[in-house]
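User: I would like to learn how to read a model like this one, feature by feature. Could you walk me through it?

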Amino acid sequence: MEGAEEEVQCPVCLRELPGADINSHLDRCLQAGDAEAEPGSSPPSKRPRLAAAPPGTQAQGEPEEARPAAASPRVFSLFHKGRGGGQSPGAAGGRSGAGREEAAVKPEKGGSATAAAGGGASLAQKLEGQPLAERLRPDTLGDYVGQERVLGAQTLLRSLLESHEIPSLILWGPPGCGKTTLAHIIANSSKKNGTRFVTLSATSAKTNDVRDVISQAQNEKRLFKRKTILFIDEIHRFNKSQQDTFLPHVECGTVTLIGATTENPSFQVNAALLSRCRVIVLEKLSVEAMEAILMRAVRSLGVQVLGQGDQHGSSATGSSSESSEFPVYIEEKALNTLAYLCDGDARTGLNGLQLAVQARLAAGKTTPLNTTKGGSADGILITEEHVKEGLQRSHILYDRAGEEHYNCISALHKSMRGSDENASLYWLARMLEGGEDPLYVARRLVRFASEDIGLADPLALTQAVAAYQGCHFIGMPECEVILAQCVVYFARAPKSIEVYRAYSNVKECLRMHTGPLPPVPLHLRNAPTRLMKNLGYGKGYKYNPMYKEPVEQDYLPEELKGTDFFKERKT
Ligand SMILES: Nc1ncnc2c1ncn2[C@@H]1O[C@H](COP(=O)(O)OP(=O)(O)OP(=O)(O)O)[C@@H](O)[C@H]1O
Ligand SMILES: [Zn+2]
């Protein structure tokens, strides 16, 4: 027997406790829960608060050994939990790891970006700790840039948000377009009526974690009539059976689900689940939207923007970088370039900005700058080049729309053609690591299969199409190995341009033809009507299967008789 003291389960955090302790525990437990609903009023704590912690995790002030696996608190977190900083800016771009779902409301934040940057801190200090992108994550729809199509004035989502009626949602959009941010905003707006907000990352959470969240939500609903919103990042990573775990609970309203995915949900998300959620399609942020986000960041850092062409400060906020030794300037052009290069991914853009500024501060080189009054002053200047360097250093720079994109795909094509499997893999990785769309590469492989391998290995085309579909099904990063396999297959395959060249010859022949094109020989024409027959259509045609011997018959127009497109042309 376990002894006289019976264990009971706390209805809030689901921990098993001795019956005698339950009342005092419950007081603490509820307090922690309330505190979490009102982040400003609670003392800052690095520890996950009770409601944020997985069942079985200790409450504050309880014995250390009550805490199970150290890893589990990373799986769960509430949005209003301090991140605790410490993430290096270099890691900021990473989309893996349990840290990212622990997105937090900035503790020091007073609502606006400028306040978030912290008044007196030096620029270098402002850039330490939490990545800029995280720190500038908007809390309100007012600061949320772009996405007017789904969030504009007359939209359904907007009115639902304003009436605090949050339906289950799937937010679908490319990386860094604001899916997580939108979930934060929803969380903030529904905090007022006591709704709990729990977040899980599909990359690290297990089915059991999901069950725990659900049973806790059931308790909260039953005992305290509190609603729970469950945010699941990268929901496409959950397998179908994990997705099924939610289904009845989304349906009966125990939890409101907000899922985020970069993959087309109609392929990746369980159809039954999908039918219970509204799918919100977020778009890649436009260059203009990116510029607005970057401008806000620059302002919050107290960096001044130098207008195009002229070399003077465009804003009068000369004191904003008071704590740095020298004022920091950024060329307007550098901002434009950054907005363009980050390809609608705000995280990439903000990281790039952060790295560029940090690198310039570290270098400490000043440039004499002309000020508005014609005088000159020393300042640290960030140019377009610095921004590009910043992106490159973090391996982000890969100009998906520009030259790099074409250079790399061309290098890949030529390496495969040259049967250099090493180089082929290198160029593939350059593109994928740079964020290239895997389907773009896959499409090129399909072309290569026919253009360069052709009938030397007709299976190559099958491989390429299969690779394309495989990539389509599973997306990055898992699909990278599919492409790698196909690329190496192609590098090693025998090559033949026979068909490709012959077809080019035919096209060339057509292009060079002057005058009307030769008619289709009568004997090759079909004669479905009597009139056509009378006109001589089909006359003299020899139906091959009727002949034992090879048939002598012309299939080319008279004037092309004897032309062999497969013979190499000298042009
Ligand atoms: N629409 C937006 N308005 C303002 N800032 C934005 C917007 N979208 C993204 N950001 C900024 O970019 C950062 C990253 O965005 P967020 O985490 O919302 O992207 P995501 O779409 O969830 O990307 P991922 O698919 O990579 O998780 C945010 O912290 C925020 O600073
Ligand atoms: Zn409890």
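User: How many helices and strands does the protein have?

Analyst: Happy to start there. Helices (H or I, at least four residues) and strands (E, at least two) are DSSP runs, numbered from the N terminus. The protein has 23 helices and 11 strands. This is a predicted model, where local features need pLDDT of at least 70 and side-chain atom pairs count only at pLDDT 80 or more, while totals for chains, interfaces and linings use all residues. Residues are numbered from 1 along each chain as its sequence is written, and chains are lettered from A and ligands numbered from 1 in the order in which they are written.

User: What percentage of the residues of the protein count as buried?

Analyst: A residue is buried if 20 or more other C-beta atoms, placed from the backbone, lie within 10 Å of its own. By that count, 37% of the 571 residues are buried.

User: Which residues come nearest to ligand 1?

Analyst: A residue is near a molecule if its C-beta atom, placed from the backbone, lies within 6 Å of it. Ligand 1 has 24 residues around it, and G178, K179, T180, T181 and A346 come nearest. Two or more residues of this shell are given by each of α5 (132–135), α8 (179–191) and α15 (346–363). Domain 1 (110–197 + 212–281) and domain 2 (287–393) each supply at least three, with domain bounds coming from an automatic or database domain assignment.

User: How do I check the length of a helix, and what span should α21 have?

Analyst: The expected span is 1.5 Å times one less than the number of residues. For α21 (residues 480–492), 13 residues should span 18 Å, and the end C-alpha atoms are 18 Å apart, so the two agree. Helix α13 (residues 287–301) has 15 residues and reaches 21 Å, close to the 21 Å expected.

User: Which residues of α13 are buried?

Analyst: An α-helix has 3.6 residues a turn, so residues three or four places apart point the same way. In α13, the buried residues include A289, I293, A297 and L301. Just after α13, G302 takes a positive phi of about 75°.

User: Where does α19 bend?

Analyst: A bend is the angle between axes fitted to the seven residues ending at a residue and the seven starting there. α19 bends by about 30° at R447. This helix (residues 438–453) reaches 21 Å, close to the 22 Å expected for its 16 residues. Among its buried residues are V441, L445 and F448, and G454, with a positive phi near 55°, follows α19.

Key: A residue is buried if 20 or more other C-beta atoms lie within 10 Å of its own, exposed if 12 or fewer, and partly exposed in between; C-beta atoms are placed from the backbone.
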